[in-house]
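This report describes selected features of the structure shown below, beginning with a pair of helices and ending with individual backbone angles.

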Amino acid sequence: MPDRLLEVDHLAKRYGNVVALQEMSLEVGVGELFGFVGPNGAGKTTTMRIILGVLAADSGGIRWAGEPISFADRRRIGYMPEERGLYPSMGVTEQLVYLGELHGMRGREARAAATEWLERLGLTERGGEQLQKLSHGNQQRVQLAAALIHSPAALVLDEPFAGLDPVAVDVMSGVLRERASTGISVLFSSHQLELVESLCDRVGIVRAGRMIACGTVDELRRSAGDRVWLDAPAAPPGWADRLPGTTLVRTDGSRVLLELVPGCDEQALLRAALQTGPVREFRRDMPALSELFRQVMTEEAAA
Amino acid sequence: MNGSAFSGGGLNPARAVYLVARREFMTRVRGKVFVVGTLIAVALLGLYAVLQITVFDNLNTTTTFHVGFTAQAQPLAAPAKAAGPILGVEVMVTQASDQAAAESQVRSGTLDALVTGAPSTPQVVVKSQLDPTLSSLLTGVVRQEALDAELSRAGLNPAAVQAQANRASFRLDVLQPLKPNAVEQPIVGAILAFLLYLFLSVYGAVIAQGVVAEKASRVVEVLLSTLRPGQLLLGKVLGIGLAGLVQFGIIVGCGLAFTLPTHVLALPGAAIGSVLGGVVWFVLGFVLYALMLATSAALVSRVEEVSAATIPISMVMVVAWLLAYVVFIPQIDAAQTGTAVPPGVENLGTVASLIPLFSPVLMPIRIAAGDAPLWQGAMAIVLTLLSIAAVAWLAARVYANSVLRFGARIKLSRALRQAH
């Protein structure tokens, strides 16, 4: 992982008797895109609010470039809250300039940045309109511009893709990729797991206020265990149930998905399969993030 | 370490408050409440001034009588004209050389009366009846004429006798003199108090609505990621307060501009002091009430709940305004009749005007009426400032603890207790 910019360190937070977060930890490196996934109520929004200082943690802390985060550091984060937060009856440009100034920009700087971002997001003609006159997708673009206006060093975006049409999704992911390539750290939450998989360098899966899996998609696959798809159509029924060093995960027609116990020799498995007749398929399983997500969720629920 | 173009550290607390205040101010002065409210108030003031000029001036205009005098009756013309002002009327005299023509003028109404014949035995010609005022005026003139004739016959000079009579007078002893502008001053105070009450209500509601609107639209979440709650609260109060002050200034300014030239209300020099006092109390009262209203509003999440949440504070405002009535009406009565204000009322006014929550409405009245000693004014200001400091401390705490809690109304005690 590149240099750590933003670290969430063992956060705990309770609302009355409800535990919102426990032992929540994650790190986002410089220029890294970090995807935050998990069911509703898992603690993603609470974590983000604590990062931005709009909520206080019961224990644990946030570090910025290795030091406990300060109020001034937080101004260098661009934030897009879950419930979009802009003034409905205020003009688009005016609103962006105001938010830029509130993040420490001078008026002229803020106006130039607002013009630039509206142009990049295709909203130049909407600058003079009230926010509430814009479509949902365009409002979301303004919200993104609001998070980006002050050239933040990090972006914290709560469900930035929710409710966007495919074109808007492309615009949004393009901007996030481009920002990350300039060295900005991006932390965002989403339920669109394919998108997270294609976009993010690393992914964190949260459940019930706790980070239960974290790493690159490959790392997650590895920790999920070695699995192999095997298609030996001539093998007798029930043959795959008794193979040493493996567990049968699933059967799909003549294909079986086998989980290998650590240390199991896959070449020996292939030889055993060839003894039953022809082998049409023998390959390592590359589960999608959505598959991994489901897997981690059920394991945790069983644990 | 990153591609950030600037440090983001250029926002000191004062600039943060300024930015919030500027946005609030600009939003309000371009808003409907401000533009429409100001136009209506100015239009009403203008209408009132116009009514005063047209209606009241008509009521007060001195009646003018046109009276013709034939050549023979001419000696009576000058005394008749001179007698007019004494009776509050004006007499326009014309010389009627042709009696027939003059009579037709009486018939047509151009002349109210025609006086003919010798001064000692005059005749008065009218169309259908003689106006009672004109009748007594002419009677007086004729009697004077007769008196002068008698005096001359007795060998006296009528003019000298008259001059001697005019010198007689009496000395005036006033037991309870009226204060100068004794009636106008409480009225000025009452108008100020009413305006203050009105503006506290209107702009207090604007503050409360603004706080909840930010909460409902969740803008507050973005704002609090870069501002401290106290900065946001203070900026809102200052920006909206300034907008209110500007509107207050426009309306009071127009009021003065309309009333001064028309003399609807003879404004004493002291009124300037009253207006200044009003401004000071507007600022203090606004800050005090706005902080309380913003805090109560922060406890709820939906705009529809605002009025319910702010009822206790609105009630205090109404009580202050009712007290103002109880205090200032006897003052006006007393000023008009020249009697003293009942001591109970005076004490109530004095005590109530020193209570911080009531001072902003009551003190301006007392200052305008000129019955608040300087030390009481100063004491009320100090007490109010202390209350503002206490309320600001509590407000910042409650506001910070509740502005990010959505859903059901938050209990005040809970918002006070929890450290964020």
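## A helix pair in chain B

In this predicted model, helix α12(B) passes α13(B) in a left-handed crossing. The contact draws on G349(B), A352(B), S353(B) and L354(B) from α12(B), and on S359(B), L362(B), M363(B) and R366(B) from α13(B). Sorted by class, the contact of α12(B) with α13(B) comprises four nonpolar, three polar and one charged residues.

Two packed helices are described by the angle between their axes and the distance between the axes. Here the axes of α12 (residues 343-354) and α13 (residues 359-369) of chain B come within 8 Å and cross at roughly 130 degrees. With that angle, α12(B) is oblique to α13(B).

## The four-stranded sheet of chain B

Chain B contains an open sheet of four strands in the order β2-β1-β3-β4, with mixed pairing. Strands β2 (89-96) and β4 (123-125) of chain B stand at the edges with a single partner strand each, so one side of each has no neighbour in the sheet. From one strand to the next, the twist averages 25 degrees.

Strand β3 (residues 113-116) of chain B pairs with β4(B) in the antiparallel sense, over three bridges. Within this pairing, T116(B) stands opposite Q123(B) in β4(B). Helix α4 (residues 99-108) of chain B packs on the sheet and touches β1 (63-70), β2, β3 and β4 of chain B. The direction of α4(B) makes about 155 degrees with that of β3(B).

## Contact between the chains

In the contact between the two chains, 24 residues of chain B meet 34 residues of chain A. On the side of chain B that touches chain A, the elements giving two or more residues are α1 (13-29) and α8 (219-223) of chain B. By class, that side of chain B has 11 nonpolar, 10 polar and three charged residues.

## Enclosed elements of chain A

Strand β8 (residues 185-189) of chain A has five of its five residues buried, so the strand is largely enclosed by the rest of the structure. Both faces are covered, with S185(A), L187(A) and S189(A) buried on one side and V186(A) and F188(A) on the other. Strand β3 (residues 33-37) of chain A runs parallel to β8(A) and is joined to it by four bridges, and F36(A) stands opposite S189(A). Strand β7(A) also pairs with β8(A) in the parallel sense, over four bridges; the partner of A154(A) in β8(A) is S185(A).

Helix α1 (residues 44-52) of chain A is likewise largely enclosed by the rest of the structure, because seven of its nine residues are buried. These are K44(A), T47(A), M48(A), R49(A), I50(A), I51(A) and L52(A). The helix α1(A) is followed by G53(A), which has a positive phi near 80 degrees.

Most residues other than glycine have a negative phi. H10(A), which is not a glycine, has a positive phi of about 50 degrees. This residue lies in strand β1 (residues 4-15) of chain A. H10(A) is partly exposed, with 13 other C-beta atoms within 10 Å.

S151(A), also not a glycine, has a positive phi of about 45 degrees. S151(A) is located in the loop between α5 (136-148) and β7 (154-157) of chain A. With 21 other C-beta atoms within 10 Å, S151(A) is buried.

Notes: Residues are numbered from 1 along each chain as its sequence is written. Chains are lettered from A and ligands numbered from 1 in the order in which they are written. This is a predicted model: local features need pLDDT of at least 70, side-chain atom pairs count only at pLDDT 80 or more; totals for chains, interfaces and linings use all residues. Two strands pair if DSSP finds at least two bridges between them. Axes are lines fitted to C-alpha atoms, for helices over the stretch in contact, and angles run from 0 to 180 degrees between N-to-C directions. Two residues are in contact if their C-beta atoms, placed from the backbone, lie within 7 Å. A residue is buried if 20 or more other C-beta atoms lie within 10 Å of its own, exposed if 12 or fewer, and partly exposed in between; C-beta atoms are placed from the backbone. Angles under 35 degrees count as roughly parallel, over 145 as roughly antiparallel, 65 to 115 as roughly perpendicular and the rest as oblique. A crossing is left-handed if the near helix is turned anticlockwise from the far one by less than a right angle, and right-handed if clockwise. Ala, Val, Leu, Ile, Met, Phe, Trp, Tyr, Cys and Pro count as nonpolar, Asp, Glu, Lys and Arg as charged, and the others, Gly among them, as polar.
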